[in-house]
Amino acid sequence: MNIWKISLRNFRFKPLHTFLGILTLSVSIALLVGIQQLDKSFRGQLDNNLGEIDMVVGAKGSPLQLVLASVLHIDNPTGNIPFEEAKRLMKNPMIQKAVPISYGDNYKGYRIVGTNDDFATLYSASIAQGRSMEKSMEVLLGASVAKKLGLRIGDTFQSSHGLIEKGAHTHEEPLTVVGIYNTTHKVLDRLIVTGLETIWEVHHHEEEHKEEHQEEEEEEHEQEITSFLVSFRNPIALLTIPRNINENTNMQAALPKFELERLYQFTGVGVKTITWIAYAILVISCITIFISLYRMVRDRAFDLALMRSYGASRFQLAKMVLYEGVLMAGIAFLIGILLSQIGVFFIFEMIADQYKQTMPLQLKYQEVLQTGVLFLSMVLLSIGLAIYPLIKMNISKILSHEK
């Protein structure tokens with residue numbers, strides 16, 4: 001007696017019930033694995049983008065907006081601050097590194113950031129091709145920018161005013177590509193880096209064009225930056241410098257790790273809600289498996305009793321039910337993993353298109369293993385409950401049609 005072949009025939013006996021069982025199981029697995037992977041990827045990417053940045057200082061406003069704009073480059077800045085005033089704060093002996101940044105332009109949706117050579121060191125980046133900037137109007141490209149736009153060393157382009165691709169005024173001054181950074185999987189990959197002088201000169205020329213009818217000599221243009229990024233020498237600075245800046249200057253200091261933790265708390269509610277929905281679907285799916293297998297045992301009680309009378313043991317009949325349940329669960333698990341990866345892939349593609357941020361699509365085996373163990377435990381419990389009538393089967397009553 002081939003129990004496996006009998007299980008396969010039973011598996012195909014009611015295709016609609018089998019399909020619905022596999023569908024609900026697959027959806028629950030896809031939601032569980034997908035939301036875990038997205039949550040881990042987002043958190044990991046945000047933390048990764050911090051690099052060595054302990055504090056960001058910019059214009060007064062929302063501290064979260066300042067972090068999103070100056071560290072993650074996914075929001076509008078809170079304003080500009082005088083560069084001379086910022087340099088006085090940068091000289092604090094408790095500050096190990098202070099990197100000024102200035103922006104307001106883009107090229108095909110990719111932000112152009114004016115800064116210095118220390119900016120790349122915040123992200124442990126090196127130049128893969130070309131050289132560093134030596135004069136104004138020279139730029140280095142993040143790896144994703146060079147790949148997506150097909151730019152090479154020596155190519156030139158014109159930047160557009162503003163941080164969005166469409167509807168922006170194009171500057172006349174051409175920018176020349178002199179280098180390309182290596183891939184870091186950090187925010188640097190989607191940035192175009194140039195010197196502060198480039199940003200100042202481009203916008204200063206724009207102002208001169210607007211004032212072409214003005215005859216008197218123009219006063220010296222005050223240099224401004226968007227913000228500056230800080231790495232501290234020791235943890236004590238974290239307790240004193242931000243408070244001193246916020247209370248005694250016209251600028252604002254924000255702590256990226258603290259602000260992102262607040263962001264996690266907001267987004268965590270949605271993640272937990274979807275996770276609990278997935279768990280509820282998983283429970284319902286396991287109940288569906290139990291009902292399907294239990295009904296199979298009850299509906300085929302006469303056939304099973306005949307098999308017992310011809311020498312089949314209770315263990316063989318239990319294996320038949322077990323094989324059917326495990327086969328359904330195994331197919332559902334594989335389909336669920338596949339669906340989760342397809343869903344995560346399209347979400348990552350949407351993020352890459354909208355925010356110009358690429359994230360590696362990685363499947364963490366630990367999360368899959370934990371979900372698989374939970375899934376298998378619930379499935380085996382459902383199968384065990386469905387097998388219970390086989391243990392209590394009264395062959396003589398069933399064969400004589402007695403109740």
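The legends below accompany close-up views of a predicted protein model.

The model is predicted, with residues numbered from 1 along each chain as its sequence is written; local features need pLDDT of at least 70, side-chain atom pairs count only at pLDDT 80 or more, and totals for chains, interfaces and linings use all residues. Side-chain values use heavy atoms, and hydrogens and water are left out.

**Figure 1. Overview of the predicted fold.** The protein comprises 13 helices and 12 strands, where helices (H or I, at least four residues) and strands (E, at least two) are DSSP runs numbered from the N terminus. Of its 403 residues, 46% are buried; buried means under 20% relative accessible area, exposed over 50%, and partly exposed in between, with a 1.4 Å probe and protein chains only. The accessible surface is about 21500 Å², and carbon and sulfur atoms contribute 57% of that area; such areas come from the Shrake-Rupley method with a 1.4 Å probe, and for residues only the protein chains shown count as cover. Among contacts (heavy atoms within 4.5 Å) with a separation of 6 or more, 80% join residues 24 or more positions apart.

**Figure 2. Confidence along the chain.** The average pLDDT, which is the predictor's confidence in each residue from 0 to 100, is 83 for the protein, and 86% of the residues score at least 70. Over residues 210-220 the pLDDT is below 50, and this stretch has 3 contacts in the model beyond near neighbours in sequence. Where pLDDT is low, the predicted coordinates should not be read in detail.

**Figure 3. The largest nonpolar core.** A nonpolar core is a set of buried Ala, Val, Leu, Ile, Met, Phe, Trp, Tyr and Cys residues joined through side-chain atoms within 4.5 Å. The largest one holds 34 residues, of which Leu282, Leu304, Val321, Phe375, Val379 and Leu390 touch the most other members. Two or more residues each come from helix 2 (15-50), helix 9 (256-299), helix 10 (301-309), helix 11 (314-355) and helix 12 (365-391). Helix 11 gives the largest share, 9 residues. Beyond its neighbours within four places in sequence, Val321 contacts Leu293, Met296, Val297, Ile383, Ile387 and Leu390. Another core, of 33 residues, lies apart from this one and includes Leu64, Ile101, Tyr181 and Leu188. In soluble globular proteins, nonpolar side chains tend to be buried together.

**Figure 4. Leu374 in helix 12.** Leu374 is found in helix 12 and is partly exposed, with a relative accessible area of 32%. Not counting residues up to four places away in sequence, Leu374 touches Tyr279 and Leu282.

**Figure 5. Surroundings of Ile225.** Ile225 belongs to strand 10 (residues 224-225) and is buried, with a relative accessible area of 0%. Leaving out residues up to four places away in sequence, Ile225 touches Asn80, Ile81, Phe83, Ala86, Met90, Pro100, Ile101, Ser102, Leu196 and Trp200. Ile225 and Pro100 are 125 residues apart in sequence, and their C-alpha atoms are 6.8 Å apart in space.

**Figure 6. Asn246 in helix 8.** Asn246 is placed in helix 8 (residues 236-248) and is partly exposed at a relative accessible area of 33%. Its contacts, neighbours within four places in sequence aside, are Lys60, Met251, Gln252 and Ala253. A C-alpha separation of 9.3 Å is found between Asn246 and Val57, which are 189 residues apart along the chain.

Figure 7. Rings of Phe, Tyr and Trp (its six-membered ring) pair if their centres lie within 6.5 Å; planes under 30 degrees apart count as stacked, over 60 as edge-to-face and the rest as tilted. By this rule there are 6 aromatic pairs. The ring centres of Phe345 and Phe346 are 5.6 Å apart and their planes are at 75°, so this pair is edge-to-face. Phe345 is partly exposed at 38% relative accessibility, whereas Phe346 is exposed at 54%. Elsewhere, Arg43 lies over the face of Tyr264, 4.3 Å from the ring centre; a charge sits over a ring if NZ of Lys or CZ of Arg is within 6 Å of the ring centre and within 35 degrees of the ring normal.

**Figure 8. Two residues with positive phi.** Met137, which is not a glycine, has a positive phi of about 70°. Met137 is in the loop between strand 5 (127-130) and strand 6 (138-141) and is buried at 14% relative accessibility. His185 has a phi near 60° and is in the loop between strand 8 (170-181) and strand 9 (192-195). With a relative accessible area of 38%, His185 is partly exposed.
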